[in-house]
Amino acid sequence: MSQPHAGNWEGSMPRRARKLTPGRSARHLFGAELRRHRKQAGMSLEKLATVVPYSRSHLSRIETAEYMPPPDLPTLLDAAFGSGQLFRRLYEIAQHEAHPDEYRRFMEAEARARRIQSYAGCFIPGLIQTEDYTRTLFRTHAPDRPAGETERMVSRRMARQALLRSGTPPHTCYLIDEAVLRRPVGGTRIWRDQLGAVADLADDSAVAVHVLPFSHGEHALIGGHLGLFTLPNGTVLAFEESITMCRAQESPNKAKRLREAYQELCASALPPQQSAAFIRAVMDELPS
């Protein structure tokens with residue numbers, strides 16, 4: 001996956017190769033084996049980037065274990081290096097480890113995605129939050145956090161929203177549980193503004209917003225948050241999210257079940273125009 005920070009890595013001056021630590025984890029061993037096989041093949045990172053559909057910067061960060069390898073890369077590397085199933089086997093182990101860079105992976109998948117599908121069961125998704133709503137969530141979760149740090153977190157989240165205003169925004173669909181719409185956050189003014197922003201999006205043909213009403217009853221995603229990101233090469237990454245963390249679902253079978261659950265819920269949700277009317281009806285019930 002090519003990432004927006006590639007400019008930090010690709011410049012005219014060569015960088016000294018960072019020392020690898022293959023004994024730390026399967027992810028670190030994956031990176032060390034990637035560098036070893038690449039050098040044995042006489043390939044630079046730039047050359048490898050012409051063989052697999054990932055940038056030099058991203059491959060460099062996989063070698064140094066900053067990034068978890070994307071699901072399709074191990075098979076591509078085994079084919080490129082003739083390494084049998086080495087990278088696939090390493091990936092099978094690495095995908096079950098805890099990864100400190102999960103939120104970074106989430107943001108980079110979001111930034112690169114050609115399609116974003118999101119189920120929200122507890123709070124408004126980050127890309128469509130208002131600034132005051134975001135600030136309220138951060139303050140509520142960590143009331144002792146220094147105000148300056150909270151504001152930096154708010155600014156970073158607002159900056160992410162430029163994605164939807166870009167010249168080539170991703171195809172985006174939000175499936176929002178009624179439970180989210182019934183829990184006021186931040187007081188009447190902040191909550192009204194947030195609901196109004198979501199209702200306006202539901203009226204915008206560029207973004208699909210669907211409300212899943214309580215009448216649907218129980219379902220496979222109840223109480224959680226799910227993000228599905230379709231990358232340019234067709235790979236779909238699934239992330240389960242909470243207020244404080246997100247986790248990439250590395251198991252292909254589990255990711256497949258999550259995608260199927262999402263599709264089933266979409267079929268039961270209200271269409272965008274009805275969803276907009278539903279949200280505005282909730283706004284009308286708020287105190288003046």
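In helix 5 (residues 86-94), the buried residues are Phe87, Leu90, Tyr91 and Ala94; buried means under 20% relative accessible area, exposed over 50%, and partly exposed in between (1.4 Å probe, protein chains only). These four lie on the same side of helix 5, because they cover an arc of only 100 degrees around the axis, taken from the directions from the helix axis to the C-beta atoms. Arg89 and Ile93, on the other side of helix 5, are exposed. Helices are DSSP runs (H or I, at least four residues) numbered from the N terminus.

This is a predicted model, in which local features need pLDDT of at least 70 and side-chain atom pairs count only at pLDDT 80 or more, while totals for chains, interfaces and linings use all residues. Residues are numbered from 1 along each chain as its sequence is written, and side-chain values use heavy atoms, with hydrogens and water left out. The predictor's confidence in each residue, pLDDT, runs from 0 to 100, and its mean for the protein chain is 87.

Among what covers the buried residues of helix 5 are helix 1 (26-40) and helix 4 (73-81). Phenylalanine 87 itself has a relative accessible area of 0%. The rings of phenylalanine 81 and phenylalanine 87 have centres 6.1 Å apart and planes at 45 degrees, so this pair is tilted. Rings of Phe, Tyr and Trp (its six-membered ring) pair if their centres lie within 6.5 Å; planes under 30 degrees apart count as stacked, over 60 as edge-to-face and the rest as tilted. Phe30, Phe81 and Phe87 form one aromatic cluster.

Key. Helices (H or I, at least four residues) and strands (E, at least two) are DSSP runs, numbered from the N terminus. Contact means heavy atoms within 4.5 Å.
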